[in-house]
Amino acid sequence: MDTEKWLLVLRRALGELFATATLVFIGCMGLVGGLSKTPDHFAVAFNFGIAVMAGLIGITPTDRFVTNPSVPAPSCPLCCNSPNPMLTGSQQFWSEFVFSALLSLLACAVWDRRNLDKHDSVSLRFGLGVFAIAYGGVQYSGCSMNPARTFGPAVVWNYWDNHWLYWVAPMLANLVVASFYRIVFPEPRPQPVE
C-alpha cells in the first residue's frame with residue numbers, strides 16, 4: 001500500500017477513535033446527573049443522541065465512521081450495558097437485534113449514494129435516530145447497538161455480564177440489514193453507451 005492510502009486509513013482510524021471517545025465521554029457524563037440527582041430516562045437518551053451528533057460533527061471529514069450509543073441499566077457500573085432481567089435471554093437478544101437493525105437501516109439509507117445530495121443534516125439525522133432508538137429500547141436490552149461502545153466500559157469496570165449479547169446481536173443485525181438493503185433497494189446498473 002502506498003503512503004497516501006496508509007494516511008487515509010490512519011485518518012479514518014483516528015477519526016473513529018475520536019468519535020467513539022466523544023460518544024463514551026459525553027454519553028457517560030450524562031449518566032452522572034449531579035451530586036444528589038439521578039438523571040431521568042429522557043435526559044440520558046437525549047444526551048447520547050447529542051453525543052452522536054457531536055462525534056459526527058467533529059469527525060465528518062474522515063468519512064463514514066460507525067459510532068453508536070447505549071444507555072445502561074442502573075444496576076450495572078457506570079456506562080456498562082445490562083439487559084432487563086425480567087426478559088428471557090431470547091427476548092433480550094431479539095430486542096438488541098431489532099434496535100441494532102434500526103440503526104443499521106438508518107446508516108444504509110443515509111450513506112446510500114442516491115442520497116449524496118442530502119448530507120447536510122447527517123449529524124442531526126443520526127443524533128435524533130439514536131435518541132429515538134435509545135429512548136424506546138433501553139429498558140429492554142440496554143440498547144448498545146455497538147460492540148466497541150460496550151467493550152470499553154466493560155474493560156474499565158471488568159463487567160462482562162451478558163456481554164455476548166452486545167457482540168452477537170448487533171453484528172448479526174448489521175449483516176441482515178445490509179443484505180436486505182442491497183436486495184430491496186439495489187443500485188441501478190449503468191446502461192451501456194452505444
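Student: What share of the 194 residues of the chain counts as buried?

Tutor: This is a predicted model. A residue counts as buried when its relative accessible area is under 20%. In this chain of 194 residues, 41% count as buried.

Student: How many helices and how many strands does the secondary structure come to?

Tutor: The chain has six helices and zero strands. Followed along the sequence, the pattern reads α-α-α-α-α-α.

Student: Among contacts between residues at least 6 apart in sequence, what percentage join residues at least 24 apart?

Tutor: A contact means heavy atoms within 4.5 Å. With residues at least 6 apart in sequence taken as the set, 74% of the contacts in the chain join residues at least 24 apart.

Student: Next, a helix pair. At what angle do the axes of α3 and α4 cross?

Tutor: An angle over 145 degrees counts as roughly antiparallel. Helix α3 spans residues 89-111 and helix α4 spans residues 122-141; their axes come within 10 Å and cross at roughly 175 degrees. Therefore α3 is roughly antiparallel to α4.

Student: Which residues of α3 and α4 meet?

Tutor: On the α3 side they are Gln92, Ser95, Glu96, Phe99, Leu102, Leu103, Leu106, Ala107, Val110 and Trp111. On the α4 side they are Val122, Arg125, Phe126, Gly129, Val130, Ile133, Gly136, Gly137, Tyr140 and Ser141. Sorted by class, the residues of this contact are twelve nonpolar, six polar and two charged.

Student: Where is Asn115 found, and is Asn115 buried or exposed?

Tutor: Asn115 is in the loop between α3 and α4. The cut-off for buried is under 20% relative accessible area. Asn115 has 19% relative accessibility, so Asn115 counts as buried. Leaving aside residues up to four places away in sequence, Asn115 touches Ala109 and Val110. Val110 is also one of the α3 residues that meet α4.

Student: What is the relative accessible area of Cys143, of Ser144 and of Met145?

Tutor: Cys143 has a relative accessible area of 0% and is therefore buried. Ser144, found in the loop between α4 and α5, is buried with a relative accessible area of 0%. Met145 is at 3% relative accessibility and so counts as buried.

Student: How far is the C-alpha atom of Ser144 from that of Phe97?

Tutor: The two C-alpha atoms are separated by 10.0 Å, with Ser144 and Phe97 being 47 residues apart along the chain.

Student: Which residues line the largest cavity, and how do they divide by class?

Tutor: The lining is made up of Cys80, Asn81, Thr150, Tyr159, Asp161, His163 and Tyr166. By class, that lining has three nonpolar, three polar and one charged residues.

How values were computed. Residues numbered from 1 in each chain as written. Predicted model: local features only at pLDDT ≥ 70, side-chain atom pairs only at ≥ 80, totals over all residues. Heavy atoms only, no water. 1 Å grid on protein atoms, 1.4 Å probe; cavity = no way out; pocket = protein on both sides within 12 Å on 5 of 7 lines; lining within 4 Å. Nonpolar A, V, L, I, M, F, W, Y, C, P; charged D, E, K, R; others polar. Axes fitted to C-alpha atoms, helices over the stretch in contact; angles between N-to-C directions. Helix = DSSP H or I, 4+ residues; strand = E, 2+ residues; numbered from the N terminus. Parallel < 35°, antiparallel > 145°, perpendicular 65-115°, else oblique. Buried < 20%, exposed > 50% of the residue type's maximum accessible area, 1.4 Å probe, protein only.
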